[in-house]
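Subject: Handover of a structure and its findings

Dear colleague,

Please find below the structure that I am handing over to you. I would be grateful if you could read the notes after it with the structure open.

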Amino acid sequence: MNRQKNSTFCGKIEYLYKTVCILMTFVLVSQLAACNSVQKEPDEVSNITVYYINRDETKNVGVSYYLKSTETDDCVKELVECLKKQPASGDLRATIPGDLEILSMTIFEGQLTLDFSSSYRNMSFTAEVLFRAAVVRTLTQLDEIRFVQFLVEGEPLTGSTGEVVGLMSSDLFFDNAGGEISTNEHANLVIYFANSNGDRLIAVNRAVEYNSNVAIEKVIAEQLISGPVGTDTFPTINPDTKILNVSVTDGVCYVNLDSAFLVQTYSVNSDVVVYSLVNSLTNLKHVNKVQILVNGESAVTYRETVDLSMPLARNLDLLTDVEGGDGN
């Protein structure tokens with residue numbers, strides 16, 4: 001009888017032991033699964049660079065972001081919300097201004113069309129081109145979005161010369177932001193100064209060393225404003241002129257100068273002044289035209305003779321066959 005009781009008792013103990021082991025194993029597996037779920041890194045496809053605009057309105061700055069959405073429509077909406085929000089860095093500002101409304105977003109065969117409210121036209125030249133670059137560069141990272149088109153109140157966006165901007169891809173926008181680290185670069189530039197009569201341009205070869213974080217377009221403008229080193233050529237632009245910002249997009253270099261640019265201190269023809277800057281910048285392979293702004297405005301006529309309202313192309317008629325000395 002005692003043997004039977006002992007056997008029954010041992011059986012119960014064994015049953016309880018097995019049950020506890022099974023429960024402990026289940027709990028351990030559940031904890032490991034939960035741990036793996038928490039530590040799992042987001043898929044690389046969801047790693048997006050959201051582009052914002054710096055406070056000085058001179059460049060786009062990318063910030064890493066992990067998408068939560070998976071469907072393309074939802075991803076676009078999520079990224080648009082990111083572009084509307086103020087980034088953590090105080091050096092950056094939200095890409096989409098608070099007063100700018102997106103009326104509709106449609107996707108068809110790899111093309112995203114964004115229709116903006118009329119407040120789109122309130123943006124300055126430099127802010128607008130940086131805005132376009134930031135939006136397009138952000139959204140075309142999605143595999144399903146190859147091109148972006150902008151509408152304003154249902155009408156295709158037009159450029160400063162009245163042409164339709166059309167479809168945009170990320171490779172249309174030249175990134176002149178430079179690297180995050182500071183290094184010295186060397187460049188051989190061609191700068192155009194005036195001849196002794198102030199009615200022609202003379203090309204000057206100038207070797208410069210500059211910080212890699214400074215756009216080469218700004219370096220050229222600075223070199224031109226600082227004037228020639230040698231005695232064979234003469235300055236064109238008022239040396240008190242300040243460069244407010246410089247940006248490049250769609251092959252157009254936007255140079256925003258302060259009002260000192262309009263005050264001519266040298267005996268130089270108006271077109272020589274303007275095209276000394278235009279020709280110097282269009283020597284760069286990625287610059288086809290130059291839009292000169294004064295305090296952010298393009299509706300300017302330089303000395304009542306040269307219309308600056310539209311981007312200007314290179315003018316070869318003002319060049320001489322003489323190569324100037326630089327003294328460097």
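The notes below set out the conventions first and then the findings.

This is a predicted model, in which local features need pLDDT of at least 70 and side-chain atom pairs count only at pLDDT 80 or more, while totals for chains, interfaces and linings use all residues. Residues are numbered from 1 along each chain as its sequence is written, and side-chain values use heavy atoms, with hydrogens and water left out.

I begin with the sheet and its helices. Helices (H or I, at least four residues) and strands (E, at least two) are DSSP runs, numbered from the N terminus. Three strands form an open antiparallel sheet in the order β2-β1-β3; two strands count as paired if DSSP finds at least two bridges between them. Its edge strands, β2 (60–66) and β3 (92–93), each pair on one side only. Between β1 (residues 47–54) and β2 there are 7 bridges in the antiparallel sense, and Y52 has V61 of β2 as its bridge partner.

Two helices lie across these strands. Helix α2 (residues 72–84) lies across β1 and β2 and runs at about 30 degrees to β1. Helix α3 (residues 125–139) lies across β1, β2 and β3, at about 175 degrees to β1. Axes are lines fitted to C-alpha atoms, for helices over the stretch in contact, and angles run from 0 to 180 degrees between N-to-C directions. The two helices α2 and α3 pack at an angle of about 145 degrees, with their axes 11 Å apart. Their contact (heavy atoms within 4.5 Å) is made by V76, L79 and L83 of α2 together with V135, T138 and L139 of α3.

The buried residues include I216, V219 and L224. After α4 comes G227, whose phi is positive, near 90 degrees.

The nonpolar cores come next. Such a core is a set of buried Ala, Val, Leu, Ile, Met, Phe, Trp, Tyr and Cys residues joined through side-chain atoms within 4.5 Å. The largest one has 44 residues, of which F261, V274, L277, I292 and L308 touch the most other members. Elements giving two or more residues to this core include β8 (184–194), α4 and α5 (270–281). Helix α5 provides the largest share, 7 residues. Apart from this core lies another, of 34 residues, among them I48, F116, A127 and I145.

Two loop residues complete the picture. N238 sits in the loop between α4 and β10 and is buried, with a relative accessible area of 4%. Polar atoms of the N238 side chain lie 3.0 Å from the backbone nitrogen of D240 and 3.1 Å from the backbone oxygen of A260. L262 lies in the loop between β11 and α5 and counts as partly exposed, at 34% relative accessibility. Leaving aside neighbours within four places in sequence, L262 is in contact with V294, V300, Y302 and R303.

With kind regards

Methods: Buried means under 20% relative accessible area, exposed over 50%, partly exposed in between (1.4 Å probe, protein chains only). A polar contact is a pair of N or O atoms within 3.5 Å; within protein, one must be able to donate a hydrogen and the other to accept it, and residues adjacent in sequence count only if both atoms are side-chain atoms.
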